[in-house]
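Please keep the view below at hand while reading.

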Amino acid sequence: MTINKEIQDKTMTLKLAGRLDTTTSPELEEELKASLDGIEDLRMDFSELEYISSAGLRILLAAQKTMNKQGTMSITGVNDTIMEIFEITGFSDILTIK
Amino acid sequence: MGNQEEKEKKIRGGIIAQVAVLFLIGTFVIGLTTFFFEQFVSEGTVKSQLSSMLDSIAAEVIVTVDEYPANEWLLDYWYENADEMDIEYDADYRPGTETEKKAAQFTQEHPDIQIEYATTEQITSLSAEDQKLYAEIVYSWLITRINEIKRIYEIDFLYCVLTDDTYSYQYFLFSAADEGAKRGTEFEEVYPIGHVVQVDSDELKNGMRTAAKTDGFLTPTGKYRDYYKYLNDVAGQTALIGVSYDTSRMMDRVNRQTVKDTVNVVVGLVVLAALCLLLILVYVLHPLRKIQRNIRMYTKNKDREMVTSNLRELQLVNEMGQLSEDVITLAEEIDNYLEEIQMITEEKQRISAELSLASRIQADMLPSSFPPYPERTDVNLYASMTPAKEVGGDYYDFFKVDENHIALVIADVSGKGIPASLFMMITKIMAENAVTVDSMQSPAMIMEKLNEQICKHNKEEMFVTLWLGILDLKTGRVAASNAGHENPILKQSGGTFQVLHDKHGFVLGGMEGIKYNEYEFMMEPDSKLFLYTDGVPEATNENNELFGMDRLVDTLRDAQDETPEGILNAVNNAVEEFTGDALQFDDLTMLCVHYVGDQNS
């Protein structure tokens, strides 16, 4: 998995590519832990993300909880496979998917 | 061990042999060089020594002749009266020789004349007969004296020749003889007075000319090297002293010298080499063998203390001492490493034992005797859990809520392994409690309560997807709620398996205060409900393809008339066949309920 990060003022855009699973999610967790401070708008681009496992969902949930306190978080470019996972797990109810 | 023997064989010979071979080759090369160099040098040395030796011999002969005050008269007389003279050759001071008698007679007749010191005036005043006597005596004495010189210097020929300025002949006036060189007129014999030899060789002519005009000259070639030195003029001719030396004898001297020097050098080198080898043996090889023995001993029995004390006792100096210290350090490192490995292994074994125990405990937590209600004819069910690791985060559960209600649970904790399994155990207990505490609750209320409880003790932000259904055995009515779990698959009586797209709520433990939906559906008599975790549709083969919902539904349909156990086996087989040799990545958990219904109604 690769993570492409762009920070502009208080907006951070993370572009993920590949698979977000047990082995790769710690990488995203570190990234978020390191740079989420002071961010008020977190945008995640999933257009090149192929798959997300429960470990990845856990990271998204933590990010969402953090952003609930300090701003907003939105996800774009979600493919069908990932959308189905979001729907089955109910994540589609708590995430802002555009 | 076989390997070690082979290694041993390979180095047969060892350092000493290798160095010895080097020394041997070096000695041979240096010996050979010395030989040729020496030969070259000593040839030159011997040649110049020879030249000056022959010169001094010739000079000695000249002095001997000059000592007779009447030497010029004598030389002329000998030449002019060679045929008339009665000469006794090689008398060599023997008592009673003709010459002694002649000398005694002469002294008696002319007591005033001492033969050795007679002057030309004294001699020329004598009678012709006495002059002849005197010339014969002195000639014999001279021969005796040069014979002596020849013997002392071990030369081949010593003689006096006359020649003219054409240098084309040699007239022999006197010459030395001994045991090695007899009187005679053949080649290599000592010629008597008056013998003439023709000179054809230009080299010889040149030699004589040089000697006559300037100084002594050594002919450069030939078997005999001739040295000539000017003596006097005799009857209009030139008298030269000739000394001949056999070159083969000269070369013998050269070779003897060369061999002697070469042998000295070679012996010196061999002694030096032997000394070096001895030093290598004492300072290198011997300690090396000791270190080697100790290394092998350590390899065999890992007794570091023994090896350390052995090596320290040797008290090795130089690099060998460093090497032995290094070996001791290495042994220490190996010991530490082994200890560490042993600790890690023990730790691993302990964890492995604990894990397998944990795995059994986890399995024992789930209802596992099938059929679970052998006394009931209206319902049958079967379930299985296959964790990807020793312990898993999936689980199934079923239990009676009251006489007519069975609760069905299938759940999947995020993540895998020990953390997931711990979370799963808590969830299982909480879920069962939440259901059984009040049989009248609705599934949505149970879910909400369960979510609050899980959130309360969830700092690690784990979550669990869970499907809960309560089956009324009398009516076949199922009241269910889905917290983010996979869709159940239902086969109604007479129909086929269909995915039930139910209403999904959010996962449990994810967020506090979530509201859950619930829904109902009817299971007709002889209908089947299949519940599963995502490990089933997401089972992956070697090409990274997912098993998928379509294959799952197809498999279920193919086996739809089987018992719950048969259906689970069919799915298991299909998944196994699909994944082949690929590692099972996710937990695989399934539950199948066959609602037979009241057969009497």
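Between chain A and chain B, 5 residue pairs are in polar contact, both residues of each pair standing at pLDDT 80 or more; the model is a predicted one. The count of salt bridges between chain A and chain B, by contrast, is 0. On the side of chain A that touches chain B, helix H2 (54-70), helix H3 (80-88) and helix H4 (91-94) of chain A each supply at least two residues. Of the contributors to this side, H2(A) gives the most, with 8 residues. Sorted by class, the side of chain A that touches chain B holds 7 nonpolar, 6 polar and 4 charged residues.

The extent of this interface can also be stated. Chain A brings 17 residues to the contact and chain B brings 20 residues. Together the two chains bury about 1600 Å² between them, and 62% of that lies on carbon and sulfur atoms. Within chain A, the residues that lose the most area to chain B are A:Arg58, A:Lys65 and A:Ile88, which together account for 33% of what that side buries.

Because A:Glu31 belongs to helix H1 (residues 25-35) of chain A and A:Lys5 to strand E1 (residues 2-8) of chain A, the pair ties together parts that are 26 residues apart in sequence.

Attention now passes to the helices of chain B. How do the axes of helix H8 (residues 247-301) of chain B and H10(B) cross, and within what distance do they come? They cross at roughly 10 degrees and come within 10 Å, so H8(B) is roughly parallel to H10(B). Residues of H8(B) including B:Tyr283, B:Leu288 and B:Ile295 meet residues of H10(B), among them B:Met320, B:Leu323 and B:Ile334. By class, this contact of H8(B) with H10(B) has 12 nonpolar, 2 polar and 1 charged residues.

H10(B), which spans residues 318-365, also packs with helix H9 (residues 304-314) of chain B, at an angle of about 170 degrees and with axes 10 Å apart. H9(B) is therefore roughly antiparallel to H10(B). The contact is made by B:Arg304, B:Thr308, B:Leu311 and B:Arg312 of H9(B), together with residues of H10(B) that include B:Glu325, B:Ile328 and B:Glu332. In this contact of H9(B) with H10(B), 4 residues are nonpolar, 2 are polar and 5 are charged.

Terms used
Residues numbered from 1 in each chain as written. Chains lettered and ligands numbered in written order. Predicted model: local features only at pLDDT ≥ 70, side-chain atom pairs only at ≥ 80, totals over all residues. Heavy atoms only, no water. Contact = heavy atoms within 4.5 Å. Buried area = accessible area lost by both parts, 1.4 Å probe. Salt bridge = Lys/Arg side-chain N within 4 Å of Asp/Glu carboxyl O. Polar contact = N/O pair within 3.5 Å; in protein donor to acceptor, adjacent residues only side chain to side chain. Helix = DSSP H or I, 4+ residues; strand = E, 2+ residues; numbered from the N terminus. Nonpolar A, V, L, I, M, F, W, Y, C, P; charged D, E, K, R; others polar. Axes fitted to C-alpha atoms, helices over the stretch in contact; angles between N-to-C directions. Parallel < 35°, antiparallel > 145°, perpendicular 65-115°, else oblique.
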